[in-house]
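Welcome! Please take a moment to look over the sequence and the 3D view, and then we can walk through them together.

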Amino acid sequence: MNETIVRMLLATAAGLTVGWVCCENVYRRKNAQAMAALLRRQTTSASSPNTTQRQLRQIRSVVNDIHKRIMAVTKGLKKPAA
């Protein structure tokens, strides 16, 4: 009788362990699918033409400001013709 109880407890423990492992795998898969969907939405919204044009304008304005400052410094460094 003791052997049957031990076998039943071992079978129950093994079943719970297998169930826990399967649940963890399902949870990870669902979480990964949700993250993939979120990244997919972000990449499609980020690559819209309006966003790209706005970013290019911002970059162009920064480059122009840098160019103006560099030109002012280099012109100031030139020695006047004597």
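A residue is called buried under 20% relative accessible area, exposed over 50%, and partly exposed in between, using a 1.4 Å probe and protein chains only. Val63 is partly exposed, because its relative accessible area is 48%.

This is a predicted model, in which local features need pLDDT of at least 70, side-chain atom pairs count only at pLDDT 80 or more, and totals for chains, interfaces and linings use all residues. Residues are numbered from 1 along each chain as its sequence is written, and side-chain values use heavy atoms, with hydrogens and water left out.

The protein has two helices and zero strands; these are DSSP runs, with at least four residues (H or I) for a helix and at least two (E) for a strand, numbered from the N terminus.

| Helix | Residues |
|---|---|
| α1 | 2–46 |
| α2 | 49–77 |

How much of the protein is buried? Buried residues make up 1% of its 82 residues.

The structure holds one salt bridge, meaning a side-chain nitrogen of Lys or Arg within 4 Å of a carboxyl oxygen of Asp or Glu. Glu3 and Arg7 form this bridge, with their closest N and O atoms 3.9 Å apart. Because Glu3 and Arg7 are four residues apart in helix α1, about one helical turn separates them. Both Glu3 and Arg7 are exposed.
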